[in-house]
Amino acid sequence: MLTRILSTDKNKIDAATIKATSEHVIVNPGEDAILDCTVDGNPLTPDHIRWERDGYDLRAKTTTGYANGTGTLVVKDAQREDVGNFRCIADNRVAAADSRNVLLIVKCRFAPEIDKSPSMLRAASGTGDQARLPCRAKSAPLPTFYWIRSGQELPINQSSKYYTLQRQLDPLTYESILVIERISTRDYGEYECRAKNDLGSGSGTGRLDVRSAPDSPTTLTVLNVTHDSVTLGWEPGFDGGHRASYRIRYREASSERYRYEDGPPNAHQLIVSGLRSNTLYLFSIMAANVLGESRFLPDLTRAQTKGN
């Protein structure tokens, strides 16, 4: 009877889930960096663990390995340009894929680099309200932030009008949020965020506007595909100063009939299920808040479901 129970457990089908990853991996320039990702699941083979990083040539710079449920990514001759997050994805096609980021840090010093993505350096607020304008920078060593308007440094923390909230998000990323109290019409417009350390400076121009409908998401990507579902992820645009929600529009490539799937507010991923197997689908996305809607992105994101 014991032998039968053990056999049954061994053959049990379980979705691949990530149990542990390397914490921040820190190496000197020129050293190899080893990133680990330990996964549970059945079945589980080397093909069920993969690594991704947008805009990065993994084939040229990395090798992979696998042993006892742990996938390994080796970044050879790590340099400044290799700094960033590598995504471990566990997918044995039993359920939706699991993923987790591992941050690689190369111990080099560099001047601040301002994050100019659409959700940064934008804010919207009504008159009489408070506004929060975010600015992020990667830097080593840590930067000092300055906020400038019309060529003049703002008097931060010298009155109740302006103050900043600052925090460290990870070993290389720092954030300064400019808080502006009691918004009036003359507060709308452009603000410069400048970050400095002893190696140089970086700057970016932000803007405070009245509240509005949101911008469209900037990207829509396919994260996972099964025989009857597609997992999508997106990079939000500016939310217009109100909490945004998102709607996926999709259709079979051979049809002009659209279907729609709504995601919860502020979500950045959604599983579209109930799809036909071995079928090519086209996807787009729009954003909405209490003041209106953005346009849908073009139907350029596509995925073909797997066969049964």
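## Exercises on a predicted model

**Exercise 1.** Which side chains of strand β4 point to one face, and which to the other?

*Solution.* Take β4, residues 49–52. Strands are DSSP runs of E, at least two residues, numbered from the N terminus. Ile 49 and Trp 51 point to one face and are buried. Buried means under 20% relative accessible area, with a 1.4 Å probe and protein chains only.

Residues are numbered from 1 along each chain as its sequence is written, and side-chain values use heavy atoms, without hydrogens and water.

**Exercise 2.** Find the bridge partner of Ile 49 in β7.

*Solution.* Start with the strands: β4 and β7 (residues 84–90) run antiparallel, joined by 4 bridges. Two strands pair if DSSP finds at least two bridges between them. Now go to Ile 49: its partner is Ala 90.

**Exercise 3.** Is Thr 185 buried or exposed?

*Solution.* First locate Thr 185: it sits in the loop between β15 (173–180) and β16 (189–197). Then take its relative accessibility, 63%. Exposed means over 50%. Thr 185 therefore counts as exposed.

**Exercise 4.** What is the strand order in the open sheet of 3 strands?

*Solution.* The order is β18-β19-β22, with antiparallel pairing. The edge strands, β18 (219–225) and β22 (269–273), each pair on one side only. Next, count bridges: 6 join β18 to β19 (residues 229–235). Leu 220 stands opposite Trp 234 in β19.

How values were computed:
This is a predicted model: local features need pLDDT of at least 70, side-chain atom pairs count only at pLDDT 80 or more; totals for chains, interfaces and linings use all residues.
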